[in-house]
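Hello,

Here is the structure I promised to hand over. My notes follow below it.

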Amino acid sequence: MSRAAGTTVLVLLIAGFVLIQEALYIVDERNQAIVTQVGAFIRVDQNPGPYLKIPFYHSVIYFDRRIIVNDTAPTENLTLDKKRIVVDPITRWRIIDPFTFYITVRDESGARARLDDLVLSAMRDEIGKTDFVNVINRDREVIEESVTRRVAERASAFGIQIIDVRSKRADLPPEVQASVFARMVAERGQVSKRYRSEGEEESAKIRADAEKERTIILARAYEQAQRLRGDGDASAAGIYAEAFDQDPEFYAFIRSLQAYERVLGDRSMIVLSTDSDLLRYLRSARPTNGRTP
Amino acid sequence: MSRRPSMEPLDVEEQIREARERLGTVGRLWPFVIAAGVLLWLASGIYMVQPAEVAVIRTFGQETGRSGPGLYYRLPAPIQLVDTVNVEQIRRAEIGFRTQDGKMVRVPAEALMLTRDENIVDAQLIVQYRVKDPSQYLFRLRDPQEALAASTEVALRSAVGRAPIDEILTTGRSQVQGMTRIFLQALLDTYESGLQVTDVKLQVADPPEQVKDAFQEVVRAREDRERLMNEARAYREDILPKARGQAQETLRGAEAYKEQRTLEAQGDVSRFVAVLREYKKSKDVTRDRLHLEAIERILSRSNNIVLDGQGASGVMPFLPLRDGAAIPPQAAAAQAATQSAPRPAPAQPSASTVPLAPSKPGVSATPAAQSRR
């Protein structure tokens with residue numbers, strides 16, 4: 001092999017390599033491309049695969065085909081009830097029309113600037129229509145959806161498809177947080193007090209119930225006891241009456257004697273007349289008047 | 001060269017000649033060099049897929065196949081490219097804190113969030129996930145990890161914003177976890193991330209540091225409430241059995257009284273009937289005997305004053321002379337005259353002075369004393 005031939009082969013190889021490099025281009029799964037012809041738009045290649053172009057005359061500009069995130073800086077907004085809230089929007093989007101994208105915003109950083117503006121103004125509007133409590137609660141998704149819709153409409157002019165706009169955070173401004181903490185402390189204080197009073201309330205209830213129950217138990221026992229005692233008294237009275245009815249006069253007599261014995265205790269002073277039946281024999285051996293004392 | 005400036009022309013010629021010689025050597029070797037390069041290039045197509053991994057092959061940028069674990073060959077770059085993704089590995093993301101050297105470091109900006117009732121709660125979350133679709137994971141979303149972290153924040157804040165703080169701190173934790181997981185998976189699917197959430201764990205859901213004391217005070221207050229109620233229940237347990245015991249005591253006492261009353265009445269009646277039976281046999285004698293016996297018993301215990309029949313008629317009407325006692329009307333006029341006379345003072349409070357006249361006692365006299373003798 002001569003030196004000249006070798007050099008020629010080398011040159012041809014290099015030239016061929018460069019030509020292939022220029023004519024053949026690959027659109028990856030992640031990419032999409034537009035082909036321009038000295039500035040003029042030729043076509044869009046959105047499907048992955050190998051493509052051919054006229055070397056040096058056509059040029060290829062690649063764009064990402066994946067979903068891209070745009071994390072807008074947190075901003076403070078006013079709600080309908082004039083409360084301040086810090087919202088941190090995050091937008092997911094992708095380029096669906098690379099040509100429009102290219103001629104309107106040129107590249108991603110251009111798109112980000114536009115999207116930030118759109119998202120912030122839409123967010124401000126929607127939050128301004130909603131009360132604070134609903135921003136963090138009920139209407140969170142509603143707001144996000146309508147912001148997404150509004151941004152999507154405007155962004156389609158840039159060849160951008162908006163997947164969604166979400167609010168990563170919806171927080172109070174730092175200086176408001178302190179007052180929220182103060183309020184939370186106060187609220188907890190109320191709850192603590194309530195728990196303690198409830199404890200006392202329940203305790204008093206339980207004690208009162210117990211005392212009531214005790215009183216009822218005792219009263220019921222008293223009632224039954226009195227009935228029993230009454231029964232006892234009644235049956236005793238019945239028994240006495242039945243027996244004593246056999247001779248009431250004798251009963252009176254014998255009962256009186258018993259009563260005297262009980263009533264007249266030791267060392268009672270008794271004045272007796274010698275006229276009395278008991279002492280009649282003290283005066284005379286002969287009976288005087290009747291037997292009765 | 002600067003060392004020998006005077007010999008420069010000769011040097012240049014010499015150098016060209018040397019270069020030519022060297023080029024000649026290389027010129028003879030370059031086919032081998034190229035062949036070696038081509039071989040190396042071709043050999044670069046050998047690739048290995050580890051267990052649990054999936055390889056995604058792109059041919060001219062387009063996905064054309066996948067392969068599981070093993071040793072494979074592909075056409076070298078840029079014709080074919082291979083990306084391997086571990087689809088089994090459980091990955092993990094932390095929200096609200098980061099683990100650094102085994103220590104948890106809080107990230108307050110992430111951790112503090114608003115609840116539905118406008119309170120602030122400190123929530124920290126761990127998400128576990130894996131890749132379920134390698135193609136989506138590789139080609140559809142730029143930076144899936146970032147998307148996962150941001151979406152977790154979105155989902156967690158949304159879930160926390162739907163519940164009041166008391167619920168989140170107590171019973172609502174699993175609900176927050178569940179809602180976060182569902183919402184997060186929906187977002188990840190929307191973003192074509194190819195990720196599958198396998199678990200969402202709410203590590204911490206606490207009141208923020210600034211208000212922790214107040215919350216603990218609530219816990220203490222709740223315990224106080226329980227304590228007060230338990231004390232009251234203990235009181236109840238204390239007094240009710242005692243009351244029941246007391247009630248039983250009362251009842252048993254009454255039952256005993258009833259029996260006692262009946263039995264004593266029967267006893268009294270038996271005694272009376274026995275005496276009555278004897279009395280009926282000889283009324284006068286028995287009557288006198290009973291009378292005299294009773295009088296004997298009484299008078300043997302008492303202090304007696306015996307007056308002559310005439311004197312007695314003057315004294316008797318004024319007895320008994322206890323204060324407040326009834327004085328027979330016919331003696332009322334004579335009362336003043338005898339005021340100065342010394343009254344017979346009772347020896348003891350229970351002593352009494354009673355004329356020995358028959359009286360009519362009621363039926364319901366005290367029963368117990370009857371059996372005294």
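Two strands pair if DSSP finds at least two bridges between them. Helices (H or I, at least four residues) and strands (E, at least two) are DSSP runs, numbered from the N terminus. This is a predicted model: local features need pLDDT of at least 70, side-chain atom pairs count only at pLDDT 80 or more, and totals for chains, interfaces and linings use all residues. Residues are numbered from 1 along each chain as its sequence is written, with chains lettered from A and ligands numbered from 1 in the order in which they are written.

Between the chains:
Strand E10 (residues 269-273) of chain A pairs with strand E12 (residues 303-307) of chain B. The sense is parallel, over five bridges. Ser273(A) has Leu307(B) as its bridge partner in E12(B).

In total, 100 residues of chain A contact 111 residues of chain B (C-beta atoms, placed from the backbone, within 7 Å). On the chain A side, helix H6 (residues 174-244) of chain A gives the largest share, 39 residues. That side divides into 49 nonpolar, 19 polar and 32 charged residues. Here Ala, Val, Leu, Ile, Met, Phe, Trp, Tyr, Cys and Pro count as nonpolar, Asp, Glu, Lys and Arg as charged, and the others, Gly among them, as polar.

Within chain B:
Helix H4 (residues 144-160) of chain B packs against helix H6 (residues 173-190) of chain B. The angle is about 140 degrees and the axes are 8 Å apart. Axes are lines fitted to C-alpha atoms, for helices over the stretch in contact, and angles run from 0 to 180 degrees between N-to-C directions. H4(B) and H6(B) are therefore oblique to each other: angles under 35 degrees count as roughly parallel, over 145 as roughly antiparallel, 65 to 115 as roughly perpendicular and the rest as oblique. The residues of this H4(B)–H6(B) contact are twelve nonpolar, four polar and no charged.

Best wishes

Methods: Contact = placed C-beta atoms within 7 Å.
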